[in-house]
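Keep the model open as you read.

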Amino acid sequence: MKDFAAIDFETANQQRSSVCSVGVVVVRGGKVVDRYYSLIYPRPDFFTFFTTRVHGLTMQDVEDAPAFPSVWRQIAPKIEGLPLVAHNSQFDEGCLRAVFAAYGMDYPLYEFHCTCRASRHILGKKLLNHQLQTVAAYCGYDLKLHHNALADAEACAAIALRLL
């Protein structure tokens, strides 16, 4: 796969619609051609202790951030016609579908591919686990800011270029 967009969401709470940040890395011809990151004002608008502990974001970080529809208007043209790739795509696709529903937006049936599933299939027992940071390291990407949406999307892109 040489043309795709790697995407990663972080959420504010247990609701998949509560996306609070997004990272997108656009790959064309096997090369990264664009990167995008934004904080997002979440819906519902509260953070749990657990999610803050995972990614470090709080309500104070997103209080002036745009709502999802505004952010998506910037992303949609960048990814038009491209398949989306995520590590554990079930989570990220679930977030995307949920936040589209929360805002009453028509979901355009994006095609998703999963680098975690690909890793399990291709690498099998070569790795101790198939977590993003482990697979990224195997593929030569040093993931220093795990759970930063853009860093995770960059890691996912590196994995996709190697395994897909």
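What follows goes from overall layout to cores, helices and loops.

This is a predicted model, so local features need pLDDT of at least 70, side-chain atom pairs count only at pLDDT 80 or more, and totals for chains, interfaces and linings use all residues. Residues are numbered from 1 along each chain as its sequence is written, and side-chain values use heavy atoms, with hydrogens and water left out.

Start with the whole chain. Its secondary structure comes to seven helices and five strands. Here helices (H or I, at least four residues) and strands (E, at least two) are DSSP runs, numbered from the N terminus. Along the sequence they follow the pattern β-β-β-α-α-α-β-α-β-α-α-α. The radius of gyration is 15 Å, close to the 15 Å that the globule rule gives for 164 residues, so the chain is as compact as a globular protein of that length. That radius is taken over C-alpha atoms, and the rule is 2.2 Å times the number of residues to the power 0.38. Along its principal axes the C-alpha trace spans about 40 × 35 × 20 Å.

Next, surface and contacts. The accessible surface comes to about 8,300 Å², and 50% of it belongs to carbon and sulfur atoms. Such areas come from the Shrake-Rupley method with a 1.4 Å probe; for residues, only the protein chains shown count as cover. Of the 164 residues, 48% are buried. Buried means under 20% relative accessible area, exposed over 50%, and partly exposed in between (1.4 Å probe, protein chains only). Among contacts (heavy atoms within 4.5 Å) between residues at least 6 apart in sequence, 62% join residues at least 24 apart.

Now look inside. A nonpolar core is a set of buried Ala, Val, Leu, Ile, Met, Phe, Trp, Tyr and Cys residues joined through side-chain atoms within 4.5 Å. The largest such core has 24 residues, and Trp72 and Leu96 touch the most other members. E1, E2, H3, E4 and H4 are the elements that give two or more residues to this core. H3 supplies the largest share, five residues. A second, separate core holds 11 residues, among them Leu123, Leu127, Ala136 and Ala151.

Which residues of H3 are buried? They are Phe68, Pro69, Val71, Trp72, Ile75 and Ile79. These cover an arc of only 140° around the axis, which puts them on the same side of H3. The arc is that of the directions from the helix axis to the C-beta atoms. An α-helix has 3.6 residues a turn, so residues three or four places apart point the same way. On the other side of H3, Arg73 and Pro77 are exposed. Cover for the buried residues of H3 includes strands E1 (4-11), E2 (19-28), E3 (31-39) and E4 (84-86), plus helix H4 (89-102). H3 itself runs over residues 68-79, and its 12 residues reach 16 Å from first C-alpha to last, close to the 16 Å expected at 1.5 Å a residue. The expected span is 1.5 Å times one less than the number of residues. Glycine 81, with a positive phi near 80°, follows H3.

Leaving out residues up to four places away in sequence, tryptophan 72 touches Ile7, Phe9, Pro77, Ile79, Leu96, Phe100, Met105 and Tyr110. Methionine 105 lies in the loop between H4 and strand E5 (112-114). With a relative accessible area of 24%, methionine 105 is partly exposed.

Helix H7 (residues 149-163) is another case. Is H7 largely enclosed or open? Of its 15 residues, 12 are buried, so H7 is largely enclosed by the rest of the structure. Those buried include Asp152 and Glu154. What covers them includes E1, E2, E3, E4, helix H5 (115-123) and helix H6 (132-138).

Finish with the backbone. Most residues other than glycine have a negative phi, and most peptide bonds are trans. The peptide bond from arginine 43 to proline 44 is cis, with omega near 0°. Proline 44 sits in the loop between E3 and helix H1 (49-55). Leucine 109 has a positive phi near 50°. Leucine 109 lies in the loop between H4 and E5 and, at 64% relative accessibility, counts as exposed. Histidine 147 has a positive phi near 80°. Histidine 147 is in the loop between H6 and H7 and, at 28% relative accessibility, counts as partly exposed.
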